[in-house]
Amino acid sequence: MRCKTTHAPPGDTLVHAGDLISALYFISRGSIEILKGDVVVAILGKNDIFGEPINQYAPPGQSRADVRALTYCDLHKIHREDMLEVLGMYPEFCEYFWSNLEITFNLRDVNNEAVGFLGKEDSDVEGLSRPQRKHKLSS
């Protein structure tokens, strides 16, 4: 019930570089592009997920790229606070959820964070790896 459906026409910018990442997005229809400046670094489509692994960070991070719709898109998004609240109500499911969630593109700008804050993430291709669990969520 906390997921909201969002519609985006081609050319619509969903997230700007530097914005706080306040939600996790699930693409149900259409395709989007991830841009760093004028360079397309990824194209995502149906069933892809973008945002950040909110279970690893206390404060929301800043986006390192722009996210723009290429086609008409239907997305489901859930705000960070809503997700943490819902998963806090179901602690048995919470661990299962985080261990099985695969974020297709992590928008978090880890180069723009204070030194010593949980360190850098492991990744083999920029933004396209399964996040490594840093700490457990407490309910």
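Over which residues does pLDDT stay under 50, and how many contacts beyond four places in sequence does the model have for them?

A: The stretch in question is residues 114-139, where pLDDT stays under 50 and for which the model has 54 contacts beyond four places in sequence. Here pLDDT is the predictor's confidence in each residue, from 0 to 100, and a contact means heavy atoms within 4.5 Å. The model is predicted, so local features need pLDDT of at least 70 and side-chain atom pairs count only at pLDDT 80 or more, while totals for chains, interfaces and linings use all residues. Residues are numbered from 1 along each chain as its sequence is written, and side-chain values use heavy atoms, with hydrogens and water left out.

For the chain as a whole, the average pLDDT is 82, and 80% of the residues score at least 70. The chain has two helices and nine strands, these being DSSP runs numbered from the N terminus (helices H or I, at least four residues; strands E, at least two), and along the sequence they follow the pattern β-β-β-β-β-β-β-β-α-α-β. Confidence is lowest in helix 2 (residues 91-100), with a mean of 89, and highest in strand 7 (residues 66-69), at 97. Of the contacts with a separation of 6 or more, 78% are between residues 24 or more positions apart. Of the 139 residues, 40% count as buried, where buried means under 20% relative accessible area, exposed over 50% and partly exposed in between (1.4 Å probe, protein chains only).

Turning to the aromatic side chains, rings of Phe, Tyr and Trp (its six-membered ring) pair if their centres lie within 6.5 Å, with planes under 30 degrees apart counted as stacked, over 60 as edge-to-face and the rest as tilted. By that rule there are four aromatic pairs. Tyr25 and Phe50 are stacked because their ring centres are 4.7 Å apart and their planes stand at 5°. This pair links distant parts of the chain, since Tyr25 is in strand 3 (residues 23-29) and Phe50 in strand 6 (residues 49-51), 25 residues apart. Tyr25 is buried at 11% relative accessible area, and Phe50 is buried at 0%. Phe97 and Trp98, by contrast in geometry, form an edge-to-face pair, 5.0 Å from centre to centre with 75° between the planes, and both residues are buried.

Phe93 lies in helix 2 and is partly exposed, with a relative accessible area of 42%. Together with Met89, Tyr90 and Tyr96, Phe93 forms a nonpolar surface patch with about 480 Å² of accessible area.

Two loop residues complete the picture. Ser31, in the loop between strand 3 and strand 4 (32-36), is buried at 17% relative accessible area, and beyond four places in sequence Ser31 touches Leu44, Gly45, Ala69, Leu70, Thr71 and Cys73. Asn47 is in the loop between strand 5 (39-44) and strand 6; Asn47 is exposed at 61%, and its phi is near 75°, a positive value in a residue other than glycine.

Note on methods
Patches are made of residues with over 30% relative accessible area and no salt bridge: like charges are joined within 9 Å, nonpolar side chains (Val, Leu, Ile, Met, Phe, Trp, Tyr) within 5 Å. Accessible areas come from the Shrake-Rupley method with a 1.4 Å probe; for residues, only the protein chains shown count as cover. A salt bridge is a side-chain nitrogen of Lys or Arg within 4 Å of a carboxyl oxygen of Asp or Glu.
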